[in-house]
Amino acid sequence: MELITHTWHWAVSGFLIGMIMLTLNYFGKVFGMSSNLRSLCSMTGIGKKIAFFDWDWKSQRWNLAVVAGAMLGGFVAVHFLSDASNVDLNPKTIEQLTAMGIEAPNGKLLPDALFGNAIFQSPKMIAILIIGGILIGFGSRYAGGCTSGHAISGLSNLQLPSLKAVMGFFIGGLIMAHFILPLIF
């Protein structure tokens with residue numbers, strides 16, 4: 001159990017992701033999580049009113065299984081395989097979080113101030129969640145896919161638009177972490 005509960009070396013995870021991508025490429029499949037929202041909406045029949053959702057969602061059933069597996073896997077990992085004792089945050093990161101009023105995770109993977117149930121009692125945090133969700137939804141559609149679709153699938157297929165999108169994701173993440181997050185907190 002200790003082998004799977006501790007953080008894996010990047011080379012092991014990277015190799016496994018690479019093998020999955022080779023398998024998907026072999027079968028002519030393209031991986032991405034945000035496209036599943038389109039499938040879920042199409043399942044409801046809304047395609048009769050909105051042309052974007054009028055497509056054969058049954059051809060993407062395998063991708064819906066990926067979403068279900070990710071949710072089940074996340075649940076199992078958090079509740080049965082989680083061991084945060086080997087997660088070590090940089091002391092400078094802890095100082096920066098403290099300066100923003102966010103306590104260190106202290107043996108947890110994520111700080112409660114950002115990921116605990118108490119955020120649903122704060123109007124400010126609810127507004128941040130709603131605005132962030134809208135921006136992520138708009139951004140993933142505008143970019144033609146999400147981070148997993150572009151960074152994993154698109155780059156493994158050597159697609160130039162995916163390289164541009166991933167560069168934008170990283171630049172946006174740096175801007176958010178260094179400039180916008182301190183303004184919010």
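The following legends describe close-up views of a predicted model of one protein chain.

Local features are reported in this predicted model only at pLDDT of at least 70 and side-chain atom pairs only at pLDDT 80 or more, whereas totals for chains, interfaces and linings use all residues. Residues are numbered from 1 along each chain as its sequence is written, and side-chain values use heavy atoms, with hydrogens and water left out.

**Figure 1. Overall architecture of the protein chain.** The protein chain contains nine helices and zero strands. Helices (H or I, at least four residues) and strands (E, at least two) are DSSP runs, numbered from the N terminus. Read from the N terminus, the order of elements is α-α-α-α-α-α-α-α-α. The C-alpha trace spans about 50 × 40 × 35 Å along its principal axes. Of the 185 residues, 18% count as buried. Buried denotes under 20% relative accessible area, exposed over 50%, and partly exposed the range in between (1.4 Å probe, protein chains only).

Figure 2. Met1, Leu3, Ile4, Trp8, Val12, Phe15, Leu16, Met19 and Leu22 make up a nonpolar patch on the surface, and their accessible area together is about 950 Å². Patches are built from residues with over 30% relative accessible area and no salt bridge; like charges are joined within 9 Å, and nonpolar side chains (Val, Leu, Ile, Met, Phe, Trp, Tyr) within 5 Å. A salt bridge is a side-chain nitrogen of Lys or Arg within 4 Å of a carboxyl oxygen of Asp or Glu. Accessible areas follow the Shrake-Rupley method with a 1.4 Å probe, and for residues only the protein chains shown count as cover. Helix H1 (2-5) and helix H2 (10-26) each contribute at least two residues to the patch, and H2 gives the most, with five residues. Isoleucine 4 belongs to helix H1; this residue counts as partly exposed because its relative accessibility is 40%.

**Figure 3. Aromatic pairs.** The chain has four aromatic pairs, a pair being two rings of Phe, Tyr or Trp (its six-membered ring) with centres within 6.5 Å; planes under 30 degrees apart count as stacked, over 60 as edge-to-face and the rest as tilted. The ring centres of phenylalanine 52 and phenylalanine 53 are 5.2 Å apart and the ring planes meet at 75°, so this pair is edge-to-face. Phenylalanine 52 is partly exposed at 39% relative accessibility, whereas phenylalanine 53 is buried at 17%. Phenylalanine 75 and phenylalanine 80 form another edge-to-face pair, with 6.2 Å from centre to centre and 75° between the planes. Phenylalanine 75 counts as partly exposed, at 45% relative accessibility, and phenylalanine 80 is exposed, with a relative accessible area of 58%.

**Figure 4. Arginine 38 over two aromatic rings.** The charged end of arginine 38 sits over the ring of phenylalanine 52, at 4.3 Å from the ring centre. The charged end of arginine 38 also sits over the ring of tryptophan 55, at 4.7 Å from the ring centre. A charge is taken to sit over a ring if NZ of Lys or CZ of Arg is within 6 Å of the ring centre and within 35 degrees of the ring normal.

**Figure 5. Leucine 40 in helix H3.** Leucine 40 lies in helix H3 (residues 35-43) and is partly exposed, with a relative accessible area of 45%. Leucine 40 and phenylalanine 53 are 13 residues apart along the chain, and 9.2 Å separates their C-alpha atoms.

**Figure 6. Helix H7 and the glycine that follows.** Helix H7 (residues 123-142) has 20 residues and reaches 28 Å from its first C-alpha to its last, close to the 28 Å expected at 1.5 Å a residue. The expected span is 1.5 Å times one less than the number of residues. Arginine 141 is placed in helix H7 and counts as partly exposed at 37% relative accessibility. Arginine 141 and glycine 32, 109 residues apart in sequence, are 12 Å apart in space, C-alpha to C-alpha. Glycine 144 follows H7 and has a positive phi, near 80°.

**Figure 7. Leucine 158 in the loop between H8 and H9.** Leucine 158 occupies the loop between helix H8 (147-156) and helix H9 (160-184). Most residues other than glycine have a negative phi. The phi of leucine 158 is positive, near 60°. Leucine 158 counts as exposed, at 77% relative accessibility.
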